[in-house]
Amino acid sequence: MKLNAIIVEDEVNSREILRNYLAKYCPTVSLVGEAATIAEGLALIKGNDLDLVFLDVEMPFGNAFDLLDQLPDRDFETVFVTAYNQYAVDALNAHAAYYLMKPISIDELIKAVEYVTEIREKEKAIEDRILTPKFNKVDGKITLPQQDGFQVLNVADILYCKADDNYTELYLENKKILVSKTLKYFEEALGEYVFARIHKSYLVNVNEVVQYKRGKGGSVIISNGKEIMVSASKKKNLLSYFE
């Protein structure tokens, strides 16, 4: 698992040492920026999707805790890097993942990164379990993952689904939702409902079909006026719903 990280440290030599150690001994860490002040650190944190912040405690015009106080809803892990052990309790209270003393021990740095990786992997596993599209066969609901959580839809509100490589576009009455799942996934997941695969790129809610036009495969008109071609090989399956 890659960890996007930044270093917030006012001493140039300390930043260089940590940067070099990370590059040599912690290949899973992707360093996306460095800051020498609290203000610079805040800008980097707000401008990047981070997993980890290496944070010096004492800096000009404030300290690490002043920075963290401005980020009450932070979603990254913090590793404090300092020459002063008296901040250990404060770091614990600030929910730091690790506390590194200067001069930095390579073994301790590796342990810190491994510990943060374990934390992030557990968080991701929980998110994947929660945010994977799920279908409740009792009340006909579906949850679709989003960057900040998930959206709940009524399955009946889906007019049709369209393949977009490894993504699927879900079309509702007045909007489109892009989901990072294949059309095959939705075909199987919606199998308990009245959805028909009518083309390699389309899965339609049969309840929303308002017209069928003859042809080798023909085409259907969906309730929103969309016309979708039907593959010849899928025609029989579609028409079976109307027998």
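Buried means under 20% relative accessible area, and exposed means over 50%, with partly exposed in between. The exercises below use this cut-off on a predicted model.

**Exercise 1. Decide whether Asn205 is buried or exposed, and find which residues it contacts outside its own stretch of sequence.**

Step 1. Begin by placing the residue, for Asn205 is found in strand S15.

Step 2. Compare its value with the cut-off: Asn205 has a relative accessible area of 3%, and buried means under 20%, so Asn205 counts as buried.

Step 3. Now set aside the neighbours within four places in sequence, and the residues in contact with Asn205 are Val155, Ala156, Ile158, Leu159, Tyr160, Val194 and Phe195.

**Exercise 2. Describe the largest nonpolar core, stating which members touch the most others and which elements supply at least two residues.**

Step 1. The largest nonpolar core has 23 residues, and the ones that touch the most other members are Val8, Ile45, Val53, Leu55, Leu67 and Phe80.

Step 2. At least two residues of this core come from each of strand S1 (3-8), helix H2 (38-47), strand S3 (52-56) and helix H3 (64-69).

Step 3. Take Val53 as an example: once its neighbours within four places in sequence are left aside, Val53 is in contact with Ile6, Val8, Ile45, Phe76, Glu77, Thr78 and Val79.

Step 4. Another core, of 20 residues, lies apart from the largest one, and its members include Ala5, Cys26, Leu52 and Ile119.

**Exercise 3. Find which residues make a nonpolar surface patch of about 260 Å², and say where Phe242 is found.**

Step 1. The patch is made by Val194, Tyr241 and Phe242.

Step 2. Phe242 belongs to the segment after helix H7 (232-240).

Step 3. The relative accessible area of Phe242 is 46%, and because this value falls between the two cut-offs of 20% and 50%, Phe242 is partly exposed.

**Exercise 4. State how many salt bridges a search of the whole structure finds, and then work through three of them.**

Step 1. The search finds 12 salt bridges.

Step 2. In one of them Lys102 pairs with Glu11, and the closest N and O atoms are 3.9 Å apart. Lys102 sits in the loop between strand S7 (98-101) and helix H5 (106-131), while Glu11 sits in the loop between S1 and helix H1 (12-25), so that the pair links distant parts of the chain, 91 residues apart. Both partners count as partly exposed, Lys102 at 22% relative accessibility and Glu11 at 41%.

Step 3. Lys102 and Glu11 also belong, together with Glu9 and Asp56, to a network of salt bridges.

Step 4. A second salt bridge joins the side chains of Arg120 and Asp51, at 3.1 Å from N to O. Arg120 lies in helix H5 and Asp51 in the loop between H2 and S3, 69 residues apart. Here both partners are buried, since Arg120 has 11% relative accessibility and Asp51 has a relative accessible area of 12%.

Step 5. Glu227 is in strand S18 (residues 227-229) and Lys213 in strand S16 (residues 209-213), 14 residues apart. Glu227, at 38% relative accessibility, counts as partly exposed, and Lys213 is partly exposed too, with a relative accessible area of 33%.

**Exercise 5. State how many aromatic pairs the search finds, and describe how the rings of two of these pairs are arranged.**

Step 1. Across the whole structure the search finds 5 aromatic pairs.

Step 2. Tyr160 and Tyr202 form a tilted pair, with 6.1 Å from centre to centre and 50° between the planes. Tyr160 lies in strand S11 (residues 160-164) and Tyr202 in strand S15 (residues 202-205), so the pair ties together parts that are 42 residues apart in sequence. Tyr160 is buried at 4% relative accessibility, and Tyr202 is buried with a relative accessible area of 13%.

Step 3. The ring centres of Tyr185 and Phe186 are 5.5 Å apart and their planes stand at 90°, so this pair is edge-to-face. Tyr185 counts as partly exposed at 23% relative accessibility, whereas Phe186 is buried with a relative accessible area of 0%.

Step 4. Finally, ring pairs link Tyr160 and Tyr202 with Tyr171 into a cluster.

Key: Residues numbered from 1 in each chain as written. Predicted model: local features only at pLDDT ≥ 70, side-chain atom pairs only at ≥ 80, totals over all residues. Heavy atoms only, no water. Core = buried A, V, L, I, M, F, W, Y, C linked by side-chain atoms within 4.5 Å. Buried < 20%, exposed > 50% of the residue type's maximum accessible area, 1.4 Å probe, protein only. Helix = DSSP H or I, 4+ residues; strand = E, 2+ residues; numbered from the N terminus. Contact = heavy atoms within 4.5 Å. Patch = residues over 30% accessible without salt bridge, like charges linked within 9 Å, V, L, I, M, F, W, Y side chains within 5 Å. Areas by Shrake-Rupley, 256 points an atom, 1.4 Å probe, with all protein chains shown as cover. Salt bridge = Lys/Arg side-chain N within 4 Å of Asp/Glu carboxyl O. Phe/Tyr/Trp six-rings, centres within 6.5 Å; stacked < 30°, edge-to-face > 60°.
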